[in-house]
Amino acid sequence: MELTTFVQTIANSVVAGSIYATVAVGLALAFGVMQMANHAHGEFFMLGAYVVYVFYALGGMPFPLAVLAAIPTIAIIGLLTERLIFRPTRGNVLAGFMATAGLTWVLQTAAGRIWGLAFMKMIPTPYMGAANIAGAQIGWQRVLIIPAACILLGLLWFFLHRVRWGKALRACAQDPEAAALQGISINKMTALAMGIAGAYAGVAGALLAPIHAVTPYMGRDLLITAFIVVIVGGMSSIEGAVLAAFLLGFIHTFVTTIFDATSAVMVGVAFMAIILIVKPTGLMGRVKA
Amino acid sequence: MKKKGFLKSLVPMTTMVSLVVALSIMTVPTTQAAETINIGFLAALSGPDAGWGLPGITGNQIFIDRVNAEGGLLVGGKRYKLKMYAFDDEATGSKALQGARQLVLEHDVKFISAIGGTPADATHPFLSKKKVFYATLISTDIMPDRPYLIGGGDVTPRIDMLRPWYHKFNNPNLKRWAVTSQDETIGRTCQAWEVGSAIAEGWDVVYDKHFSLETTDFAPVVTAILATKPDVVSLNLTWPDYVTLIIEQLYLQGFKGIISGNYIDTESVLQKVPAEYMEATKSANSFPLFDDPWWGEPSWQHEFIKEWNAKYGPGAPGDVHRKITGIDWDHMIMLMVWAHGAQLAGTFDPDKILEALRAAKSIPTILGPAVMYGKEMWGIDNMVSPPIPIAEVKADCKCKRIQAHIKFEEWFEARKDTIIKVVKDKGQYFDQRK
Amino acid sequence: MSVLPFFAREYYVEILIIFLINVILVTSYRLIATTGDWTLCHVVLMGAGAYASALMAKHFGWPFWMTMPLAGAAAGLVGLGIVYPLLRTVGFGFFIASLAIGEFIRLVWIKFHTPFGGPRGMINIPYLGELGPIDFYEAIPYYFMTLMITSGCVFIMYRIDRSRIGNTFKVIYEDDILAESIGIRVGRYRSFAFVLGSFFAGIAGALLAHRLSAIDPHQFGLDEMVYLLVWVVVGGTATFAGPVIGVAVMTFLFEWTRPLLAWRPLFFGAILIGFLIFLPGGLESLIPKFTFWNKKQKTT
Amino acid sequence: MAMFEVKELTKYFGGLAALSDLDLEVEAGEIRGIIGPNGAGKTTLFNVISGVYRPTSGEIIYQGKKISGLITSKIAGMGVVRTFQRTALFHKFTVMGNVLVARHLQAKGGLFRTIFGTNRQIDIEHEEKALKIIDFMGLSDLKNELADNLPHGHQRSLGVAMALAAGPKMIMLDEPVTGMDPTETKHMTDLIRKVRDEWEMTILLVEHDMKVVMGLCDKITVLNFGKKLADGLPEEIQENSDVIEAYLGGEEVAELLGE
């Protein structure tokens, strides 16, 4: 592998890792709090992209604003999901997961009917052109994702470790009963977690919209990856998820460059299986998956 | 008592089954007005592959409406109205077979529009037995043991074979040809034919791989392609969505050569890269625009665009919330051919229709006069072969403009030996795919 | 059951064939679920059976009565192969890990064009030939063959469910620590249930493959798996009959809703959500209210 | 040498030791009481012996065979079975069902036979043996009742019944009489003694109710903070100053002296 190709691949890996991380933290967080396993997480991601399509491509709103708009929009959808699906099925993780699998179909179909179903949606690239790093060319649109992801993850860390509600959320993730005894309202926490999960999936989709095929089904490819990330990271561990996300980002990108994406996914799954065998709790998890 | 328990648990099972059947028997077969001929549309209408199915309905419907407006299809001095029944096969074999059975057994359709691939594999034994026409877009499903399967409305792989000639003709000094497409049923076959032709035209094929359908990020794929320093990057029949993303990456990673493909959806590509770049890369493909002045005025093509917009365009009664695509007319070509065949034969008897079509010197299609061809390629003359348009992207109109309209047959006859040899080496010749 | 096909029109006989195959599928799924392990790779294991049977029939020209049980065995072996990492997980982890591993198997079929035919899958899988005057290509003979095989499989699974082994599965679901403490090898029994279920899924796969004569990886994708979940959820898993009720009702609804075309996934998604929230027990949970066998399922 | 030995058993959870250098010797047919203030490590000891936790160090020897590190079911198979502090039952099963399942290890008959029930004889024996245990625990008239619907006392007895059904030679009872009224307690105490006498069972007993412990046990081991404090006959233990010390401050002193 030549140097430029290598640098190019490294850059691609970091971009992929940033995306996986941004998507997966929400999944891990939601799972940590009252075991909300969201099959529709990929569809949140998809809807985030459609927000950009509607506001930016159709509505002519500036791209950054459209991305910001995705945050509350999808957060609200997250809240609704929590209220209408996870709360009624609380205590039965499988029921929640399967119900959200149903939600996946609902959202995909709805998106297809509302915004049409043919080729990918047309979204002009806001920042054309590419940065030249050691002979490797990386489009600005991708470069942009890296700082964006850093900021988002930083914010989340700050929220979870410095803000009262965030700490409560972590307490709740560690031990719901104890948290409840301390007078933390579980309902508030689950809602908060799903809100954040939605926001992060949404903003990831929004950031990716200009460089990804925006279709109602764009979420499904991501779902398995995201769950592998969460399992490898250790079910409910945020830090673990981030670490695993970048690991998988590198694995996928390098294998794709050298072989192909099918092998990449296979290697990813094999990686997960190995982790399960040698360390069932995942990289940073406390509880057995 | 355990026995009884088992029987008891059989009770609901049996009741349910009888329920299913009872209700299915009750649903009376669709009553046939004597002079109506039913045709079927069997493709993915939901799920990720619906993008290849749903749009086809619009084109077929436009054709059907035209025919019915004239009072029906004139066959053997009698007019027959056309009626279309759609069935969603979700791109899976089992459901496709189920659909074929429903369309034939319940609606007695004479012709089925489909996409091809595994659904074709799963349905052909049944349809061959029932002697029902099954028209796929792409000709790769044609096989000698499928007498009533006709294909070729979509011009791959013929366009993929002509592009190496076209680019060589315009740039004799270029040498290095890189080609890729998604790794699936049709991709492999079409790419084999393209590689064959590229070699026949004297290109060095420096990259000949498939990217898998799981690919979501094309940066690595393009990185790998550019590592081979190609003069031409050909995308074979890479699906339009992927084409857009790959071209974007080619642009970002600084590719300066020629881009060539089966279907470049100009409008969405131009969202990602400047029109000047597309013109500079001479990006050539086969799906012409029907509002291209090249067709002349008045023309069936221009009419079609108008009708489509009137019926399905923004604000129209049947607004489909999307722009017209190649798929909208791709399916219709096959329907036109079949209808013409029936008129020539003066009957709907499939064997007579095939006979008439093969005898015909020129069959009118929306891409121009076609002939039945393909014995050397598929072992049977069931490929509908209209002249093939090659369009390039122009910066001034930010659109495709037809550059040439080539008859495939003569070109192929001159080179077939080399090409077929390569295809056989790659194990993609029809008699090797069992 | 045995006279139905003569009244129904041919198209519906075909639906019944698919229905019977699905009955094997859901029943075997419940067999695994009784240990508390819900998997997401059951349809893939069905695929393993389908591929195995197809390969044997195509390359060795073996007859169906041979390939079918072997297909089951093959699927069982695959199940045995993947159950080890799976057992390291419980509950939801198991669920997701099985999804990922199932995907892995599908990708193997896609990746290796020989012998699996890659994304195109396998074509020209031989139909069952004639047996004297009976041509098994025809719907009705195939229907009766499927009916026989299905009843056979269902009967065996019913006996297992009622036997000491079936009870062992159920107690593992109720309290695996207690089960372990009285000497039940929980791990072994979980694997046993999983492999057994895989075996029957494989048989269903063989039946499907030889009816279609063409299979591809897409046929056994996640969407199909979610359909299976819909059947199981709609029917319920507490009683043996539950899943069968589910698949019967959904088969009917599936035909009934064809006119919805592109809207259908939305409809089925809504059904899935609705049942999980408002009728978690599935349809079967309504039955005990007005029939006799509510005592039955207590006295295991 | 003793039938059951624990040698320098140590179990750490994270930093702190739940058990440290514990030695224990139990003779066949003995009823051994294990007492100690809350958090002394009694239940941990049971969990380690029964293989729920692996010991950090030290070993457990049963009939000369090392059982530490084996999985629970293996240990149970060798004849060491425990009951739980919580009321652990298969609640959706009948009393009969519970005991039948608990006889898992004794159940005979190959796969085919079991599935198709071709050999009724085996099933009948199986059920008779189960019935015997149910009678013994005085649950015969409840045998078709769902475990869930039993009164607490009977649920505890069923727990013991299941342990017995597993066919052990040594049985570990974790607070068998908690939450029982005096009559139930009396009944259970007699049963435990009967189990030892009639079934030649060795018994480890963790119990808070000192009347029961003192009345029932041949020898008593006192744990405190995971260490062995004392070891001896009931009356020795009652006089032992360290033990009183350990219990001092706790209202348990009175309890200890059985008042």
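**Note on the predicted four-chain model**

1. In chain B, the loop between strand E14 (388-394) and strand E15 (399-406) holds B:Lys398. Helices (H or I, at least four residues) and strands (E, at least two) are DSSP runs, numbered from the N terminus. Phi of B:Lys398 is near 50°, a positive value in a residue other than glycine. B:Lys398 is partly exposed, with 14 other C-beta atoms within 10 Å. A residue counts as buried if 20 or more other C-beta atoms lie within 10 Å of its own, as exposed if 12 or fewer do, and as partly exposed in between, with C-beta atoms placed from the backbone.

2. On the basis of the note: this is a predicted model, in which local features need pLDDT of at least 70 and side-chain atom pairs count only at pLDDT 80 or more, while totals for chains, interfaces and linings use all residues. Residues are numbered from 1 along each chain as its sequence is written, and chains are lettered from A and ligands numbered from 1 in the order in which they are written.

3. Chain D also has a residue other than glycine with a positive phi: D:Phe225, where the value is near 45°. The loop that contains D:Phe225 runs between strand E9 (219-224) and strand E10 (227-232) of chain D. D:Phe225 is partly exposed, with 16 other C-beta atoms within 10 Å.

4. One runs from B:Thr156 to B:Pro157, with omega near -5°; B:Pro157 is in the loop between strand E6 (149-151) and helix H5 (158-170) of chain B. Another runs from B:Glu297 to B:Pro298, again with omega near -5°. B:Pro298 belongs to the loop between strand E11 (284-285) and helix H11 (300-312) of chain B.

5. Strand E7 (residues 176-182) of chain B has 6 of its 7 residues buried, so it is largely enclosed by the rest of the structure. E7(B) runs parallel to strand E8 (residues 204-211) of chain B, and 7 bridges join them. Strands pair if DSSP finds at least two bridges between them. B:Ser181 has B:His210 in E8(B) as its bridge partner.

6. The mean pLDDT of chain C is 87, and 94% of its residues reach 70 or more; pLDDT is the predictor's confidence in each residue, from 0 to 100. Among the elements of chain C, helix H3 (residues 42-60) has the highest mean pLDDT (95) and helix H14 (residues 294-298) the lowest (42). Over residues 290-300 of chain C, pLDDT stays under 50, and the model has 11 contacts beyond four places in sequence for this stretch. Two residues are in contact if their C-beta atoms, placed from the backbone, lie within 7 Å.

7. Which residues of helix H8 (residues 164-174) of chain C are buried? They are C:Gly166, C:Thr168, C:Phe169, C:Lys170, C:Val171 and C:Ile172. Their cover includes helix H7 (139-162), helix H9 (176-181) and helix H10 (186-212) of chain C, together with helix H3 (95-102) of chain D.

8. Helix H11 (residues 222-235) of chain C and helix H12 (residues 242-256) of chain C have axes that come within 7 Å and cross at roughly 115°. Axes are lines fitted to C-alpha atoms, for helices over the stretch in contact, and angles run from 0 to 180 degrees between N-to-C directions. The crossing is right-handed; a crossing is left-handed if the near helix is turned anticlockwise from the far one by less than a right angle, and right-handed if clockwise. The contact of H11(C) with H12(C) has 10 nonpolar, 3 polar and no charged residues. Ala, Val, Leu, Ile, Met, Phe, Trp, Tyr, Cys and Pro count as nonpolar, Asp, Glu, Lys and Arg as charged, and the others, Gly among them, as polar.

9. The axes of H11(C) and helix H13 (residues 264-278) of chain C come within 9 Å and cross at roughly 35°, and this crossing is left-handed. From H11(C), C:Val230, C:Val233 and C:Val234 meet C:Phe268, C:Ile271, C:Leu272, C:Phe275 and C:Leu276 of H13(C). This contact has 8 nonpolar residues, no polar and no charged.

10. Between chains, 39 residues of chain A are in contact with 34 residues of chain C. On the chain A side, helix H4 (93-115), helix H10 (218-233) and helix H12 (261-278) are the elements that give two or more residues. H4(A) supplies the largest share, 17 residues. By class, the chain A side divides into 28 nonpolar, 9 polar and 2 charged residues. No contact joins chain A and chain D, whose closest C-alpha atoms lie 12 Å apart; chain B and chain D likewise have no contact, with their closest C-alpha atoms 10 Å apart.
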